[in-house]
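Trainee: I'd like to learn how to read aromatic contacts and surface patches. Could you walk me through them?

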Amino acid sequence: MKILTSKSLFMFLILMFISMKIHSLQFEVLSGRTKCIAEDIKSHSMTVGKYHIVNPNEPHPSPDTHKVTLRVTSTHGNTFHYADNVHEGHFAFETTEAGDYMACFYAADHKPPVTMTINFDWKSGVAAKDWTNVAKKGSVDLMELELKKMHEHVKNIHDEMFYLREREEEMQELNRSTNSKMAWMTGLSICVCLSVAGLQLWHLKTFFEKKKLI
């Protein structure tokens, strides 16, 4: 049996934390303004979100001014969720492309301006799966459910590592391309400077020859 060292266990826990992307936020949006939240999600990953505006007049109904418009888009601008003038809502979809997904909250303009507090819970990966529903459908006991969760975590960590490796390769390719362009621009700049210097010398020589100074 292989025993995990404290360092290996620490790295495993970090990877487990990375694989469970959970963003539970509370933030304010001023009327007439937009606030966006970005999340880097890999392709073919489940993501769910739930949001609502905190009612400042509890236990009375929330005022009509406290509504927002939400649009969730992919890194290529494709819209996966849109809700117009709502107090609360939720979304759930499987990503079709990897990259930064953006959730933008827009509060309609009001006079006088109002500030709204929004609770936003965004989950992706293993954390987005409804394990209670899985247990009910499969009629599994607690131990088997925990094993299923662990299997999903390990699978997600494996996929996440490959995804990070792909992103690293993309960054390395971008660095190589940038370095190549910089080298080309440096060489071009040197050629331009030498050409200008040569023209200046030729101009000075011609000027002095006309003045018969040399």
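Mentor: Rings of Phe, Tyr and Trp (its six-membered ring) pair if their centres lie within 6.5 Å; planes under 30 degrees apart count as stacked, over 60 as edge-to-face and the rest as tilted. This is a predicted model, where local features need pLDDT of at least 70, side-chain atom pairs count only at pLDDT 80 or more, and totals for chains, interfaces and linings use all residues. Residues are numbered from 1 along each chain as its sequence is written, and side-chain values use heavy atoms, leaving out hydrogens and water.

Trainee: How many aromatic pairs does a search of the whole structure find?

Mentor: Ten. One example is Phe27 with Phe105, an edge-to-face pair with 5.4 Å centre to centre and 65° between the planes. Phe27 belongs to strand β1 (residues 20–30) and Phe105 to strand β7 (residues 99–107), so the pair ties together parts 78 residues apart in sequence.

Trainee: Is Phe105 buried or exposed?

Mentor: Buried means under 20% relative accessible area, exposed over 50%, partly exposed in between (1.4 Å probe, protein chains only). Phe105, at 0%, counts as buried, and so does Phe27, at 10%. Both rings are in one aromatic cluster, whose members include Tyr51, Phe80 and Trp122.

Trainee: Which residues make the nonpolar surface patch?

Mentor: Trp184, Met185, Leu188, Val192 and Val196, covering about 480 Å². Patch residues have over 30% relative accessible area and no salt bridge, with nonpolar side chains joined within 5 Å and like charges within 9 Å. A salt bridge is a side-chain nitrogen of Lys or Arg within 4 Å of a carboxyl oxygen of Asp or Glu. Met185, in helix α3 (residues 142–210), is partly exposed at 42%.

Methods
Areas by Shrake-Rupley, 256 points an atom, 1.4 Å probe, with all protein chains shown as cover. Helix = DSSP H or I, 4+ residues; strand = E, 2+ residues; numbered from the N terminus.
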